[in-house]
Amino acid sequence: MYPVLYSFRRCPYAMRARMAIRLCGISYEHREILLREKPQTMLDVSPKGTVPVLVTEEGKVIDESLDVMLWAIEKSGHKLAKTIDASMPWIHKNDTFFKRNLDRFKYPNRYEDEGETSQVRDEAYKQAGVFLAELEDAINVNNGYILSEQPSVADFAIFPFVRQFSKVDEDLWVSNSYPKVREWLDIFLGKEAFSDIMTKQVVWSPENNPLIIQF
Ligand SMILES: N[C@@H](CCC(=O)N[C@@H](CS)C(=O)NCC(=O)O)C(=O)O
């Protein structure tokens, strides 16, 4: 029996969960889903219908990405555990403030009630920049990563969102004033662990053989 993870390849929350599982060397059953066609077995264990959803060997359901990260770190005794407390304020700011602006920058027409599309987009870009500037300072002061010269839980939890932001307008991204953040993101994108977790998987169906990812 392996832990089961319901996941969607491009979802940044699912990405951070897969990254932690991969870094912690935990073998698991991968169930790739489509957000528009969520499997009933997933909804049965987690009716809120977001990914990632992890079902542990003991049958415990963990349906918040950060909790999946913490579960993997605790289960494996990974040294990232030491960085959890200091990471939390950063992750909180990412998941609230930055994510809010990322969504508006990426899909401004979903927020018509907040103003003209171009206005919503520009304002979100500006606001997101406040967070990116803080990251830039932290990475600069700490010589490479958010908390120190070594990656922390904050780095692994946040980079998938910065990646998504960078892809909205790649020309704008490469010419922005956050060179340290760009370098930092490139380090994560260049990691073998990242290419491993981004491998394309076929959509899960109960009829197929289980896809066990062995680390
Ligand atoms: N707070 C949740 C958020 C997860 C989340 O919102 N995932 C998105 C995909 S990136 C989702 O599943 N949305 C449901 C949908 O689009 O139907 C977590 O950290 O796991």
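User: Is helix 6 mostly covered or mostly open, and how many of its 16 residues are buried?

Analyst: Happy to start there. This is a predicted model, in which local features need pLDDT of at least 70, side-chain atom pairs count only at pLDDT 80 or more, and totals for chains, interfaces and linings use all residues. Residues are numbered from 1 along each chain as its sequence is written. A residue is buried if 20 or more other C-beta atoms, placed from the backbone, lie within 10 Å of its own. Helices (H or I, at least four residues) and strands (E, at least two) are DSSP runs, numbered from the N terminus. Helix 6 is mostly covered, with twelve of its 16 residues buried. Among them are D155, F159, P160 and F165.

User: What covers the buried residues of helix 6?

Analyst: The cover includes helix 1, helix 3, helix 4, helix 5, helix 7 (170-174) and helix 8.

User: Where does helix 6 have a kink?

Analyst: A bend is the angle between axes fitted to the seven residues ending at a residue and the seven starting there. In helix 6 a kink of about 35° lies at F159, shortly before the proline P160.

User: Which residues have the most contacts inside the largest nonpolar core?

Analyst: In soluble globular proteins, nonpolar side chains tend to be buried together. A nonpolar core here is a set of buried Ala, Val, Leu, Ile, Met, Phe, Trp, Tyr and Cys residues joined through C-beta atoms within 7 Å. The largest has 56 residues, and A17, A20, M69 and A128 have the most contacts inside it. Helix 6 gives the most to this core, with nine residues.

User: Why does this core lie between domain 1 and domain 2?

Analyst: Domain bounds come from an automatic or database domain assignment. For this chain, the assignment gives domain 1 (4-79 + 194-213) and domain 2 (83-191). Both domains give residues to the core, so it lies between them. Their centres, taken over C-alpha atoms, are 23 Å apart.

User: How many residues of domain 1 are in contact with domain 2?

Analyst: Two residues are in contact if their C-beta atoms, placed from the backbone, lie within 7 Å. Nine residues of domain 1 are in contact with eleven of domain 2. On the domain 1 side, helix 1 gives the most, with five residues. By class, that side has eight nonpolar, no polar and one charged residues, where Ala, Val, Leu, Ile, Met, Phe, Trp, Tyr, Cys and Pro count as nonpolar, Asp, Glu, Lys and Arg as charged, and the others, Gly among them, as polar.
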